[in-house]
Amino acid sequence: LSSHRTLIFGKMKFSLALGAILASSVAAFAPSAIAPTSTSLNAFTSNVFEPVEVTLAETTETIVKGGRDLFPLLPKAFEGIQKIGVIGWGSQAPAQAQNIRDSLNEVGADIQVTIGLREGSASYPEAVECGFTEDEGTLGEMFKVIGESDLVILLISDAAQAKLYKKVFAAMKPGATLGLSHGFLLGYLDSINESFPAEMDVIAVCPKGMGPSVRRLYEQGKETNGAGINASFGVHQDVSGKATDLALGWGVALGSPFMFETTLRSEYCSDIYGERGILLGAVHGIVESLFRRYMRQGMTPEQAFTESCESITGNIVKTISTQGIKAVYDGLSADDKVIFKQAYSASYKPAKEILQEIYDEVSSGNEIRTVIMHGDRIEKFPVGKIDGTYCWQVGEKVRAERDEEKIPMNPFTAGVYVATMMAQCDVLLEAGHPYSEVINESVIEAVDSLSPYMHYRGVAFMVDNCSFTAKTGSRKWAPRFDYILEQLAYTAVDTGKAVNEELFTEFENHRIHGAVLECCKLRPSVDISVDVPSSTKEIVIE
């Protein structure tokens, strides 16, 4: 990375050194064949939004701060757009469609937001309940809506995108822009040596949280400006010359408190990797392994769950959210710091081994093929739930009897969790991803978006009800984290292996700590309220 990385700016040119460009063919699927490398992007200009520079780990990045005070700029950002088609009704679509509609309505913009669904979709009643109707022309068959829209925001499942992309491209009218909230489709096209039609703009706005978080924080933002979910944005193709403004307008309309630039390739590498790591898969594996370990040490099932899962979702992540990663260690007693160091030292390299493997599988295209193949056999082998196993059943009881004031900060649990989070960040940094992307994908999304729901409904609930791509990855990789921690990390502690002091010194002096603290200043202005009524459903997959 260069020492100065400019993401977006208004009324001036800039350059961007972003660890995010995939340079080579992916046909051979060699590890890291499409991994991001440090490459300068073309300069962008924006005549709508003003930039703010932030310093992250001695690099300067330029972001756009969102907020409801920017809504009056939306008509200019959406210039030339008369109809926005939001295609699908999974996790993101209900939230994004409602947020964009409400933001545009607030400033009197004459732009229609229409939901496009499969004919006979079971989601029609839910869309109607959220105010989208066929009578008003705001709900219709997906390909009809695609053909009528100036901006097509494609939010169907990743597997469905891979199956239907040709039909989607063919249905789009000339001059229309394709909008994505995930780089998966580009990854799939790369893997089969295809590309987007050259004549269309292709942009992405990727909220760093699941749909219910995007909607809930937006609703809270009606009372507190700046509430929302951070988002990355990317401009993959800009035929019209207006793609950057449109992408930024989309992000502002979603309520994002700040937006940072990425590329679609960098996004899918970091996003698919992250959800298999500390966002879902790794925390799943960590909890299961620690739950068993603590029971073997003599704890009751309830105590074991409290000292593992509750300690993570109810204490550790809250500290990281507001004070940074290192604050977890700094806040411990002298005796607990010794335990933390032992757990961190023993867990970092085993966790990083799995995380590096995940990154290689994602960046090579192998993990994308896994998702596609899983989708092909889903009718024959439906995905079951994990919430019936003993660990998660105990969790139901613990949550029912929870006293928030008595949730512990278990130092061993903290050491394992923090080591895994740091290892995840290091894999991304070593692959050339910028700090803004690394922190948002591996820290902020974990502690500010997903963990509050895990604490409210359970880790198993999140795994069972996340997107198909995330669910597939979490269930695949969680056992790998479970096994390697059990086999290598915990045995090292139990056999008295000495702490790796050099490794721990690297943790204490890591440049990411200052960068995370800067991002903490940019976090949503309120904590997400997970238990208040919302117009966006929580359960995505029954």
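Is R399 buried or exposed? At 16% relative accessibility, R399 counts as buried, where buried means under 20% relative accessible area, exposed means over 50%, and partly exposed is anything in between (1.4 Å probe, protein chains only). Keep in mind that this is a predicted model, where local features need pLDDT of at least 70, side-chain atom pairs count only at pLDDT 80 or more, and totals for chains, interfaces and linings use all residues. Residues are numbered from 1 along each chain as its sequence is written, and side-chain values use heavy atoms, with hydrogens and water left out.

**View 1. E396 and R399 pair up within helix 15.** These two form a salt bridge, with the closest N and O atoms 3.4 Å apart; the term stands for a side-chain nitrogen of Lys or Arg within 4 Å of a carboxyl oxygen of Asp or Glu. Both sit in helix 15 (residues 390-400), three residues apart, or about one turn of the helix. Helices (H or I, at least four residues) and strands (E, at least two) are DSSP runs, numbered from the N terminus. While R399 is buried, E396 is partly exposed, at 42% relative accessible area.

**View 2. K208 reaches E267 from a distant part of the chain.** Here the closest N and O atoms of the salt bridge are 3.8 Å apart. K208 belongs to the loop between strand 11 (201-207) and helix 7 (211-221), and E267 to helix 9 (residues 264-276), 59 residues apart. Both K208 and E267 are buried.

**View 3. R293 meets D494 in a salt bridge.** The N to O distance is 2.7 Å. R293 is in helix 10 (residues 281-296) and D494 in helix 19 (residues 468-494), so this pair ties together parts 201 residues apart in sequence. R293 is buried, at 6% relative accessibility, whereas D494 is exposed, at 52%.

View 4. Across the whole structure, a search turns up 28 salt bridges.

**View 5. Helix 13 packs against helix 20.** Helix 13 (residues 334-364) and helix 20 (residues 501-508) have axes 10 Å apart, at an angle of about 100°. Axes are lines fitted to C-alpha atoms, for helices over the stretch in contact, with angles running from 0 to 180 degrees between N-to-C directions. That makes the two helices roughly perpendicular, a label for angles of 65 to 115 degrees. In contact (heavy atoms within 4.5 Å) are F340, K341, Y344, S345 and Y348 of helix 13 with E501, L503, F504 and F507 of helix 20.

Definitions and conventions
Angles under 35 degrees count as roughly parallel, over 145 as roughly antiparallel, 65 to 115 as roughly perpendicular and the rest as oblique.
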